[in-house]
Amino acid sequence: MKCVQTVVSVVLLLALCLHATSAEVVNFKKCPGEASEKCTIHEVSITPCPEAEEGRACTVYRGTNVSIVFDFTPEFAANELTADVAWTKPSFDLPFVGMDTAACKHTSCPVTSGNRQTYAYNLPIKKTYPPQHYDVKWKLTSENNDSCCFIVQINITKKTKRT
């Protein structure tokens with residue numbers, strides 16, 4: 001178990017270093033109607049996302065991967081976290097298929113209330129995803145249903161060369 005914690009710590013440290021040197025900070029908003037939310041989201045980065053510099057939604061290409069990194073401070077303690085990602089509309093959420101929901105693989109656990117930490121995930125954009133604009137809801141939930149939640153905008157498009 002100690003070895004696993006060391007590996008997770010090293011991976012998170014590396015992600016943090018990469019985040020600090022090449023982060024493309026994106027606009028995000030808090031999830032509406034999350035009554036149980038007890039969390040501060042400090043910053044969200046998506047790489048690659050040159051559009052972030054202009055405050056626009058990230059353009060991501062089918063068949064590629066994007067890195068998402070965010071810093072958060074939970075106001076709750078938890079032994080485990082579950083990650084849920086969904087395309088969100090006002091009337092429903094459509095879960096993101098193939099997502100690794102074991103959030104503790106991508107951030108340190110157990111979670112300590114008031115302790116700022118980083119979550120880092122490599123997100124595959126499957127070729128089967130329809131090209132269009134999406135509001136993406138990212139939510140980490142504890143075993144007690146406390147959560148950290150935010151929404152970012154992305155545009156999925158067919159892969160072409162960036163200019």
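**Ground rules**

I number residues from 1 along each chain as its sequence is written, and since the model is predicted, I ask local features for pLDDT of at least 70 and count side-chain atom pairs only at pLDDT 80 or more, while totals for chains, interfaces and linings use all residues. My side-chain values use heavy atoms, with hydrogens and water left out.

**Entry 1: the chain as a whole**

I began by asking how many helices and strands there are in the chain. I found one helix and nine strands, where helices (H or I, at least four residues) and strands (E, at least two) are DSSP runs numbered from the N terminus. Reading along the sequence, I noted the pattern α-β-β-β-β-β-β-β-β-β.

Next I looked up burial. I call a residue buried under 20% relative accessible area, exposed over 50%, and partly exposed in between (1.4 Å probe, protein chains only). Of the 163 residues in the chain, 43% are buried.

**Entry 2: a three-stranded sheet**

I then turned to an open sheet of three strands, which has the order β2-β4-β7 and antiparallel pairing. Its edge strands are β2 (39-47) and β7 (117-125), each pairing on one side only. The twist averages 20° from one strand to the next, with axes taken as lines fitted to C-alpha atoms (for helices, over the stretch in contact) and angles running from 0 to 180 degrees between N-to-C directions.

For pairing, I need DSSP to find at least two bridges between two strands. As a reminder to myself, strands of a sheet pair through backbone hydrogen bonds, either parallel or antiparallel.

I followed β4 (residues 64-74) to its partners. Eight bridges join β4 to β2, and these two run antiparallel.

Why is β7 largely enclosed by the rest of the structure? Seven of its nine residues are buried, so the strand counts as largely enclosed.

**Entry 3: a lysine in β8**

Is K137 buried or exposed? Its relative accessible area is 14%, so K137 is buried. I also looked up what its side chain touches: there is a polar contact with the side chain of D93 (2.8 Å). By polar contact I mean a pair of N or O atoms within 3.5 Å; within protein, one must be able to donate a hydrogen and the other to accept it, and residues adjacent in sequence count only if both atoms are side-chain atoms.

**Entry 4: the disulfides**

My rule for a disulfide is a pair of cysteine sulfur atoms within 2.5 Å, and by this rule I count four disulfides. With bonded cysteines counted along the chain, the pattern is 1-8, 2-7, 3-4, 5-6.

- C31 is joined to C149, S to S 1.9 Å. The pair links distant parts of the chain, 118 residues apart, with C31 in the loop between β1 (29-30) and β2 and C149 in strand β9 (residues 147-157). The torsion about the S-S bond is about -75°, so this disulfide is left-handed. C31 is buried at 7% relative accessible area, and C149 is buried at 0%.
- C49 is joined to C58, S to S 2.1 Å. With a torsion of about -95°, this disulfide is left-handed. C49 is buried at 1%, and C58 also counts as buried, at 1%.
- C104 and C109 have their sulfur atoms 1.9 Å apart. The torsion of about -75° makes this disulfide left-handed. C104 counts as buried at 17% relative accessibility.

**Entry 5: cavities**

Last, I searched the whole structure for cavities and found two of 30 Å³ or more. A cavity here is a set of points, on a 1 Å grid over the protein atoms alone, where a 1.4 Å probe fits but cannot get out; lining residues have an atom within 4 Å of a point. Grid points are joined across faces, edges and corners, and a volume is the space filled by probe spheres set on the points.

The largest cavity has a volume of about 90 Å³. Which residues line the largest cavity? Among them are I46, V66, I68, W87, F96, L123, W138 and I154. β4, β7, β8 and β9 each supply at least two residues of this lining.

Notes:
1 Å grid on protein atoms, 1.4 Å probe; cavity = no way out; pocket = protein on both sides within 12 Å on 5 of 7 lines; lining within 4 Å.
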